[in-house]
Structure formats: C-alpha cells, structure tokens
Amino acid sequence: MKKTKISLLLSLTILLSLLFSSCTKAQNSENKPTTFAFSKGADVGWLPQMEATGFQFYDTDGSQKDCLQLLKDRGINTIRLRVWVNPSNDKASGHCSKAETVAMALRAKNLGMRIMIDFHYSDSWADPSKQTKPAAWANHSFTELLNDVYNHTSEVLNALKTAGVTPEWVQIGNEIPGGMLWPEGSSSNFGQLAQLLNKGYDATKAVDATIKVIVHLDEGNNNSKFRWFFDNAKTNNVKYDVIGMSYYPYWIKSDYTATIADLENNLNDMASRYGKEVMVVEVGGDYTLVQNTKDMLTAVINAVKAVPNNKGLGVIYWEPEGEKTWSGYQLNAWQSDGKPSPALDAFK
C-alpha cells in the first residue's frame, strides 16, 4: 500500500512539473518580441476616389471584393498613404487630406495591415521636379515654416492616434534629393533643409517614439546621389531611422535587369555606410508587361531581403490598384476587368 502511494505521489509530482514547465514556456513565448517581419506594401492614395467614382474591384473568380482584401490576399501587409495639407477635390491630384488619411488608415488597420504615412508638405504632388509650399504657408518666414512642419506633422499623427492608429513608419518629405518647401528648404541650403527634416522627426517622436522616421529619395539605383545627400545629412545632423528609395526602371528608360545590381549595391552601401535600415518605399512596372513586372518585383524583394542583419525592411508598390482607364497611370498593376494583375503574385 505504501509503495502504491509513493508511486502515485511521484506520478503527480512529475505531472505538475510538466504542467508548470509548459505554462512557463508559453508565458516566455508570449513575452518575446515579435520576430523580424518583412513589409510587403501598396500605396493606395487613389483608392477612396476610385470607389467614390464607382470603380469596382474583382477577384480572379469574378467575385466583387474590397480592394484592400484583394491586396492582402496577395501577400500585401502594409498600406502607405500620402498626406497633403489643403488639397483640392481633383479626382487624381487631390484628396488625401488629414481626415481622409485617418479614415483610410483605420480601414487598413482593421484588416490587420501595417501603416506608413508619407508627408508631402504640399497641397498636391511633391517629387524631385516640384516641392511647392502649401498655399497657406506660401508667405511664411523660415521660422514659421519650421513651426508649420512640426504642427502639421503633429496634427495628422495625433488625429491618427485618437482614431486608434499608430503608423509604423512616417516619411518626412517625398522624394527630396532637391529638398522640400522650396526655396527655403532646398538642398542647396542643406542647413535649412536639415532643420525642417528635424522638425518633422521631433514631431513624430513626440507622438510615439517607436515610429520609425524615413527620409526618401528617388532613383534607388543611383548610389552617388544617395551618398551625396546622406553625407550632407550626416554633416548637418539630420535625425532619421530609415533610408527610403524609389525604384522605377520605366522612368529611367531601362529594363530592370540593367540596374537591379546597382539597386542592390546601393541598399547594402546605405545600410553599412550610415548604419541605417533601408526600404524600397516606391516601386512599379509597366502594367502591359506582366511577367517582366513580376520578375522585377521578385528581384527587388530579394535584393532588400538580402541586406545583412535584417536591415532591409520591405518593398512597397506605388498605386497598384490605379487601373489605367481610371488613372492614366502606366505603372499600375491592375487589369481593365477590375482584377489584380498577376504581377502582384510576386508578393505572395
């Protein structure tokens, strides 16, 4: 009888020990930080306008679906949204106000997607050829412009926060090799540009210190342009976390096969030279060249993933849903029947 009791007690002890060990492992697993997650994204600033004008989106089987769901089904886990200060109601070159951005970000978040906010600091498109100040800021002094950047950035991010959305990334300026808020923020006066960029950085971190701040240039295959800009950024103590790149072989009139090695070299050089994370925040290919665009996306994704130490954060397609007859945009990734291009399967 004693032997039976001892055996039973021993069995119970072993069982309790196993249960405790299992619970501890589960608890430790829950407490571990999330593993590195590669961002596969889409900039969809046109989407609300497309829907408002009656454009409908369909899956390959012909069923009508939410565009964001169609993107998610193809591996997209990140949505990038541009913000303009006081935009017009123009179908393609307007909208993207603070209120519209908050609504779109919340919709994407509710689908479990990550968010990037792209501040243009303009009332419409800002890119290397134009960095026009918002009309309301047109006559402001440089000191006032510094406050404008801080306040606008803060207002948009706090509106997002109030709605329950904290972006993972924030871009201070859009494609700014020549600077932003011309002429005061031109890169020919890098000291002033640095102050403007730092105001955006400070405003972002004041809302949430975990948000990563991106500085974004075009021509990701152009290493000399990036070295010139970010050497100046270092000299002028610009604060940022991520180097963002655009990569559009179409706009430099070259097939991706001629420049993909240059992009890969630049990604690796930026990460090692400046100790920063890197990301292709805009990419696109000719919608009529489906296989070529898919192959290009695969090559870009592989190049970013290959950056050592997980410093390559992700790849974002610019306006894939912007079907040609609606947008006039050649580098969309959608078909005239409302279905996504098979090129987007590169993200799966």
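Me: Is the crossing of α8 and α9 left-handed or right-handed?
Reply: The model is a predicted one. In it, the axes of α8 (residues 260-274) and α9 come within 9 Å and cross at roughly 25°. The contact is formed by I260, L263, E264 and L267 from α8 with A299, V300, A303 and V304 from α9. The handedness of this crossing is right-handed.

Me: Are α8 and α9 roughly parallel or roughly antiparallel?
Reply: Their axes cross at roughly 25°. Angles under 35 degrees count as roughly parallel. Therefore α8 is, relative to α9, roughly parallel.

Me: At about what angle to β8 does α9 run?
Reply: Helix α9 (residues 290-305) lies across β6, β7 (277-283) and β8 (312-318). Its direction relative to β8 is about 155°.

Me: In what order do the eight strands close into a barrel?
Reply: The pairing in the barrel is parallel.

Me: Which residue in β6 does L217 stand opposite?
Reply: Across from L217, the residue in β6 is M245.

Me: Which residues touch the most other members of the largest nonpolar core?
Reply: This core holds 91 residues. Not counting residues up to four places away in sequence, I79 touches A42, V44, L68, A108, M113, R114, I115 and M116. The residues that touch the most other members are I79, F230 and V300.

Technical notes. Residues are numbered from 1 along each chain as its sequence is written. This is a predicted model: local features need pLDDT of at least 70, side-chain atom pairs count only at pLDDT 80 or more; totals for chains, interfaces and linings use all residues. Side-chain values use heavy atoms; hydrogens and water are left out. A nonpolar core is a set of buried Ala, Val, Leu, Ile, Met, Phe, Trp, Tyr and Cys residues joined through side-chain atoms within 4.5 Å. Buried means under 20% relative accessible area, exposed over 50%, partly exposed in between (1.4 Å probe, protein chains only). Contact means heavy atoms within 4.5 Å. Two strands pair if DSSP finds at least two bridges between them. Helices (H or I, at least four residues) and strands (E, at least two) are DSSP runs, numbered from the N terminus. Axes are lines fitted to C-alpha atoms, for helices over the stretch in contact, and angles run from 0 to 180 degrees between N-to-C directions. Angles under 35 degrees count as roughly parallel, over 145 as roughly antiparallel, 65 to 115 as roughly perpendicular and the rest as oblique. A crossing is left-handed if the near helix is turned anticlockwise from the far one by less than a right angle, and right-handed if clockwise.
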